[in-house]
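Me: Please take a close look at one ligand for me. What surrounds it, and how is it held in view of the rest of the model?

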Amino acid sequence: MNQFVSKEGVKNLHKPGEKLITTHCCYCGMQCGMHIRVSEKTGEVKGVEPRYDWPVTMGKMCPKGVTAYQTVEHKDRILKPLIKKNGKFVESSWEEALDLIERNFKELQREYGKDTVAVFGGVSMTNEKCYLVGKYARVALGTRFIDYNGRFCMSSAAGGFLKTFGIDRGSTLPWTELEHSDCFFIAGSNTAECHPTSIQWFWRAKDKGAKLIVADPRETPTARVADVHLDLKPGTDSALANGIMHILIAEGYVDVEYVGERCNNFEELKESVKKWTPNLTSEITGVSVEKIIKAAHIFGMSPRSVVMFARGVEQQSKGVDNVALYTSMALLRGQVGKFASGVATFTGQGNGQGGREHGQKSDLLPGYRKITDPEAVKYISDIWGIKPEEMPKPGVSAYEMFDEIQVGNIRAMHVICSNPAVSAPNSEYIWKGFEKLDFLVVSDFFLSETAEFADVVLPATSWAEDEGTTTNLEGRVIRIRKVREPLGESKTDWEIMRDIAIRMGKGKHFQYENPLQIFEEFRLATKGGKADYSGITWDRIDKEDGVFWPCPSEDHPGTPTMFKDKFGTPDGKANLAVIDWKEAGEYPTEQFPHILTTGRVVFHYLSGNQTRRIDFLMQQCPEPFAEMHPELASQYNLRDGDSVKLTTKRSEMVVKVRVTKAIRKDTVFVPYHWGKELSVNKLTNPCLDPTSRMPEFKVCAVKLEKVYND
Ligand SMILES: Nc1nc2c(c(=O)[nH]1)N[C@H]1C(S)=C(S)[C@@H](COP(=O)(O)OP(=O)(O)OC[C@H]3O[C@@H](n4cnc5c(=O)[nH]c(N)nc54)[C@H](O)[C@@H]3O)O[C@H]1N2
Ligand SMILES: Nc1nc2c(c(=O)[nH]1)N[C@H]1C(S)=C(S)[C@@H](COP(=O)(O)OP(=O)(O)OC[C@H]3O[C@@H](n4cnc5c(=O)[nH]c(N)nc54)[C@H](O)[C@@H]3O)O[C@H]1N2
Ligand code: SF4
Ligand SMILES: [Mo]
């Protein structure tokens, strides 16, 4: 326990007739520590108490987290399997639902080959389940088509880190060190709304004089309290990072010794940023020369700095470039691998970190192994009990699976823990894909917009009805505890996958009775890989407040600070990014004269399928809106609350206007937590980053028209 925690506070939480079960929030990567109050008599969930003694979040929670427990026994929970008959869902037994799945998967695979059945996963699940999704696709179904919603979330961060560091761990330092940092350079992260419980660390550091620089086209609550707000034009992060590096080099802020010993490409980088003078950087980014120079000076002079970013810079067709360049800023300053300094991406989903390491990605096997590496295939095949030649080849990325549907290569899909009908870009194309499928299975606990397209909906349990581990945004592996028995006839995702595997004749590879057995196999599967969890046990997690990977043996302490001595590249050196700025996939034209960017609000989570069911959250934010500057609004005679039609090359939507000075004059922002006609993803550009295959959710060109409601 640390100095900010009251021991009395912890003791007083307990109420008679109730037990407190210690776990973590189901939503974002902060994974705030919480206790769930459960009736001793009925086993029902009664409420939540923040966990004061969890070192990362210390009793802080946000509006989503404090209401998350209300989803567990919510009246909308799906309690029995649903089968669509004559266009309507009817409840069925598990037997009937599994029969139907078995028949369809087998018939389609017989006719069109194994790859005709695809799996679309998600990372709001434990490591045990995420690991099993990869095995389920490759062993139970034998398909190469598997990918997951992290492709829309973490893939550009992963791509950028692999390029510069050779290992993708979201943070190079533990959050608990942030309060000792002198400077935060935060790009494209609305931290106060999306990782709210991080803010306390920045305040603490600020109390000691730390400086905050924020790069965001909007004056977010985080930007508002920054020492410098770099209000850049969406899609220009690479120019900004090159411009900052130009000043660092020109004015002697480079840690020459560190760069000489630990980095490659310095001479090439020097050449490539030469042209990025403050004037050119200002011209491209739209940020004033003064602000760019001020930010570079503060960053350059800070003894301990952390460069942080999130989807604002990653969800772009040049997202990997952006990550590699921002990361290089920290390397130039010699900050990576040291106390209270380094680089971090704000990992998005609860298990966005763990879920991306263990085989849900089309080309990855557990432990961050490559499916194209014969040794990796041999190692994992041995653990899975298959022959190496039975291991499917790499598939395609999440959005590209919908192209495979259009050409007939995918005819059935099992969506587990994702709602792509709302969250994938270019929605109407996604909807067409779901309609075209011969057979769609969705595992969820609430009927999502995606589930509405399904032939069979399987009732999964919520996070509170199973146990296991997740990996938070620091890379710390933590324990999720079972709070109550599964509601109705719902089953855990691992039971569902196991039961389908049995039907597909692969039961012998899925002989699990509990998640601990999966965890034990999973540890072994990660052994020797880049993301090595083999030394982590559930007991250790309890005793040590989580364990940071890599942790290759039970006597290894885990790795809170990455890259202390060497990087994960073959020569052990970091690769500075020598990359020029390139225009976004789509930019304003006469026909579509403004920029549309999308993102989040504090009250809703992702596709909104969970948070749109919570009264309190809906009262706070019932519908999407278009945030725009008063000058832009007045060009169209729009006032606060008016309706505006937004049109892009893909489609159009009508939303209410929210006039605010806290956004650039050329940019419109719309949150994406709603479906169907309220889905901003009808408008977004599916242009993909060439390496990460991440869609460009953050930049596209848009037209505005006032809608007269009479
Ligand atoms: N309340 C809430 N919290 C969440 C979530 C949620 O849905 N709701 N989801 C979780 C998940 S999965 C994720 S991935 C994270 C996302 O966390 P964030 O990435 O912080 O959230 P976003 O709102 O997507 O985008 C962040 C910021 O990027 C800015 N931006 C837009 N375009 C650009 C650009 O070109 N350059 C730069 N530098 N900035 C730009 C936007 O103005 C926005 O303020 O949040 C997690 N936490
Ligand atoms: N325009 C725009 N689009 C975006 C983004 C953006 O910034 N702008 N951000 C993208 C990002 S970063 C992300 S992460 C994606 C997320 O997009 P989605 O994957 O659609 O996110 P969720 O809404 O969390 O969907 C999870 C679904 O699974 C269910 N679920 C939750 N837990 C479990 C479980 O344990 N088991 C099962 N079987 N089901 C479960 C939930 O009820 C929900 O329906 O959206 C992306 N889309
Ligand atoms: S900050 Fe994230 S993990 Fe914490 S309570 Fe809010 S949504 Fe949950
Ligand atoms: Mo995300």
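Reply: Start with Lys-698: an N or O atom in its side chain is 3.0 Å from an oxygen atom of ligand 2. That is a polar contact (a pair of N or O atoms within 3.5 Å). Tyr-672 makes another through its side chain, where an N or O atom is 2.9 Å from an oxygen atom of ligand 2. Asn-419 uses its backbone instead: a polar atom there is 2.8 Å from an oxygen atom of ligand 2. On its own, ligand 2 has 910 Å² of accessible area, and the protein covers 98% of it. Accessible areas come from the Shrake-Rupley method with a 1.4 Å probe.

A word on the source. This is a predicted model, where local features need pLDDT of at least 70 and side-chain atom pairs need 80 or more, while totals for chains, interfaces and linings use all residues. Residues are numbered from 1 along each chain, chains are lettered from A and ligands numbered from 1 in written order, and side-chain values use heavy atoms, without hydrogens or water.

Now the shell. Ligand 2 is surrounded by 28 residues, each with a heavy atom within 4 Å of it. The closest are Asn-149, Ser-418, Ser-423, Asp-444 and Ser-607. By class, 15 are polar, nine nonpolar and four charged. Gly counts as polar here, and the charged class is Asp, Glu, Lys and Arg. Domain 2 (82–153 + 356–463 + 484–513) and domain 4 (594–707) each give the shell at least three residues. These bounds come from an automatic or database domain assignment.

Domain 4 turns up again at ligand 1, whose shell draws at least three residues from each of domain 3 (171–345) and domain 4. There, 35 residues surround the ligand. They divide into 13 nonpolar, 14 polar and eight charged. Lys-64 has a side-chain N or O atom 2.9 Å from a nitrogen atom of ligand 1. The protein covers 100% of the 910 Å² that ligand 1 has on its own.

Step back to the whole protein. It has 24 helices and 30 strands, taken as DSSP runs of at least four (H or I) and at least two (E) residues. Its radius of gyration is 24 Å, close to the 27 Å of the globule rule for 710 residues, so it is as compact as a globular protein of that length. The radius is taken over C-alpha atoms; the rule is 2.2 Å times the number of residues to the power 0.38. Of the 710 residues, 66% are buried (under 20% relative accessible area, 1.4 Å probe, protein chains only).

How values were computed:
A polar contact is a pair of N or O atoms within 3.5 Å; within protein, one must be able to donate a hydrogen and the other to accept it, and residues adjacent in sequence count only if both atoms are side-chain atoms. Buried means under 20% relative accessible area, exposed over 50%, partly exposed in between (1.4 Å probe, protein chains only).
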